[in-house]
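Dear colleague,

I am passing on the structure below for you to look over. My notes on what was found in it follow directly after it.

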Amino acid sequence: MSSPGRRRIDEIGEESRRRILDAAEALFAERGFDRTSFVDISERSGISRGSIPWHFTNKDGLVMAVFERAVDRFLGPDRYETIPTLAEVVRDYADWVRSGNSALMFMVLTEAMSSTGVVHAQYQEFLDRRRKGLERWLRLQRPAGVDAVVAAERERQVSIALNGAVIGIHLQWLVDPEGVDLDGALQSLAAVFDTHLADAWAVPAAVEARRNGAGNRKGSSPRKRTA
């Protein structure tokens with residue numbers, strides 16, 4: 001059992017971390033990643049500049065912590081452990097988009113795409129966790145009798161497509177909020193997906209044709225063209 005003194009130190013550490021994250025989130029939204037320094041964050045949070053890397057190692061680690069905390073407020077990792085409707089999931093996503101800091105997603109994405117360092121790796125991990133969340137959600141609804149290996153691969157591909165569609169709608173709304181009905185677009189996506197949910201485990205015809213074509217090419221010689 002930890003001592004009262006140890007618990008108090010932990011509480012101070014958690015409070016400092018929260019204040020740093022709050023200040024960084026506000027400043028990143030106001031000024032962007034490049035124009036925000038540890039000095040700015042220190043002044044806004046009231047936490048010494050030297051304490052910031054102690055909590056987050058560097059600026060890259062801090063921006064990912066800010067980003068993931070912002071997402072988890074509305075779409076925590078346990079969101080897909082039950083079977084909410086897709087309409088409920090995208091409604092949570094829409095709430096996050098309107099929270100004021102969702103542009104962080106694309107700010108971090110820009111940073112991740114321009115490097116092969118910490119942010120790039122952490123952003124990959126973030127996207128992988130989100131996709132795996134959708135895979136779990138699909139797996140809970142997997143029809144009986146479906147080949148498990150084939151089903152797992154289809155669930156992965158569908159989660160990539162669904163995640164990409166949602167992010168695409170998000171980006172369009174940020175760029176053109178007057179021209180894009182965020183809720184309408186997300187709910188339309190959910191309605192189309194729900195209507196065709198069973199198709200999530202079917203191999204698309206184009207993929208099947210490509211596989212069959214590859215098999216035919218391996219197993220037979222090409223036909224000669226006739227006049």
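Helices (H or I, at least four residues) and strands (E, at least two) are taken as DSSP runs and numbered from the N terminus. This is a predicted model, in which local features need pLDDT of at least 70 and side-chain atom pairs count only at pLDDT 80 or more, while totals for chains, interfaces and linings use all residues. Residues are numbered from 1 along each chain as its sequence is written, and side-chain values use heavy atoms, with hydrogens and water left out.

Gln172 lies in helix H8, and because its relative accessibility is 47%, Gln172 counts as partly exposed (buried means under 20% relative accessible area, exposed over 50%, and partly exposed in between, with a 1.4 Å probe and protein chains only). From C-alpha to C-alpha, Gln172 is 8.8 Å from Leu182, a residue 10 positions away in sequence.

As for the chain as a whole, its secondary structure comes to 10 helices and 0 strands, and 36% of its 227 residues count as buried. Of the contacts (heavy atoms within 4.5 Å) in the chain with a separation of 6 or more, 69% are between residues 24 or more positions apart.

Helix H8 (148-175) and helix H9 (182-195) each supply at least two residues of the lining of the largest pocket. A pocket here is an open set of points on a 1 Å grid over the protein atoms alone, where a 1.4 Å probe fits, with protein on both sides within 12 Å along at least five of seven lines, and lining residues have an atom within 4 Å of a point. Among the lining residues are Val158, Leu189, Phe193, His196 and Asp199.

Best regards
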